[in-house]
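Please look over the sequence and the 3D structure shown below. The report after them takes up one topic under each heading.

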Amino acid sequence: MDKSNKSIAPALGLKSGIYINGVVISNEARTIKLKDGSTRVSVKHELALDPGLIVLDRFIDPNTTNEVKVVGDEVKDFPMLNKFEPIMVRAQKVKEYNGQMTASDWELVRNS
């Protein structure tokens, strides 16, 4: 019996991580004020799983990227995923807090 713990993901052409298949059910964005006075935008996408739910979360700095538009304290434009479409994401960090699963370091693998 082979005792090595080699990942098969590179052999299949995949990166290592946790792959999540789900259906997008909501998109939300809001501004967050940091202690130093700067502003970040929290973008959350909810995915329906079988069974359950996971929230894909990411923080975007509106001063360094044009992905988001903020007017005052209101988010006018942010990256959205198409609702009710199945997607696959690769997550590096998944955690559970009070029964809610959250992935904070993720990337879109397949949008079908």
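## Basis of the model

This is a predicted model, in which local features need pLDDT of at least 70 and side-chain atom pairs count only at pLDDT 80 or more, while totals for chains, interfaces and linings use all residues. Residues are numbered from 1 along each chain as its sequence is written, and side-chain values use heavy atoms, with hydrogens and water left out.

## Strands and their pairing

Strands are DSSP runs of E with at least two residues, numbered from the N terminus. Two strands are said to pair if DSSP finds at least two bridges between them. Strand S1 covers residues 18-33 and pairs with strand S6, residues 86-97, in the antiparallel sense over 6 bridges. Within this pairing, Ala-91 in S6 is the bridge partner of Ile-18.

S1 also pairs with S2, again in the antiparallel sense, over 10 bridges. Here Asn-27 stands opposite His-45 in S2. S1 and S2 form a hairpin with 5 residues between the strands, and in this hairpin Gly-37 takes a positive phi near 95°.

A further antiparallel pair is made by S4 and strand S5 (residues 74-77), joined by 3 bridges. Val-71 stands opposite Glu-74 in S5. This hairpin has 2 residues between its strands, and Gly-72 in the turn has a positive phi of about 70°.

## Nonpolar cores

In soluble globular proteins, nonpolar side chains tend to be buried together. A residue is called buried under 20% relative accessible area, exposed over 50%, and partly exposed in between (1.4 Å probe, protein chains only). A nonpolar core is a set of buried Ala, Val, Leu, Ile, Met, Phe, Trp, Tyr and Cys residues joined through side-chain atoms within 4.5 Å.

The largest nonpolar core has 11 residues in all, among them Ile-20, Val-24, Leu-47, Ile-54, Leu-81 and Trp-106. S1, strand S3 (53-60), S6 and strand S7 (100-111) are the elements that give two or more residues to this core. The most comes from S6, with 3 residues. Apart from this core lies another, of 6 residues, including Val-41, Val-43, Val-68 and Phe-78.

## Salt bridges

Side chains of opposite charge can pair when their charged atoms come close. A salt bridge is a side-chain nitrogen of Lys or Arg within 4 Å of a carboxyl oxygen of Asp or Glu. How many salt bridges does a search of the whole structure find? It finds 5.

One of them joins the side chains of Asp-61 and Arg-40 (3.6 Å, N to O). Asp-61 lies in the loop between S3 and strand S4 (69-71) and Arg-40 in strand S2, so the pair ties together parts that are 21 residues apart in sequence. Asp-61 counts as buried because its relative accessibility is 18%, while Arg-40, at 25%, counts as partly exposed.

The side chains of Arg-90 and Glu-107 meet in a salt bridge as well (2.4 Å, N to O). This pair links distant parts of the chain, with Arg-90 in strand S6 and Glu-107 in strand S7, 17 residues apart. Arg-90 is buried, with a relative accessible area of 11%, whereas Glu-107 is partly exposed at 31%. Glu-74 and Lys-76 form another salt bridge through their side chains (3.4 Å, N to O). Glu-74 is partly exposed at 46% relative accessibility, and Lys-76 is exposed at 51%.

## Two residues in detail

Thr-39 is found in strand S2 (residues 39-48). Its relative accessibility is 16%, so Thr-39 counts as buried. A polar contact is a pair of N or O atoms within 3.5 Å; within protein, one must be able to donate a hydrogen and the other to accept it, and residues adjacent in sequence count only if both atoms are side-chain atoms. The side chains of Thr-39 and Lys-33 are joined by such a contact, of 3.3 Å.

Val-24 belongs to strand S1 and counts as buried because its relative accessibility is 0%. Not counting residues up to four places away in sequence, Val-24 touches several residues, including Leu-47, Leu-81, Phe-84 and Ile-87. The C-alpha atoms of Val-24 and Val-55 are separated by 9.7 Å, and these residues are 31 apart along the chain.

Definitions and conventions: Helices (H or I, at least four residues) and strands (E, at least two) are DSSP runs, numbered from the N terminus. Contact means heavy atoms within 4.5 Å.
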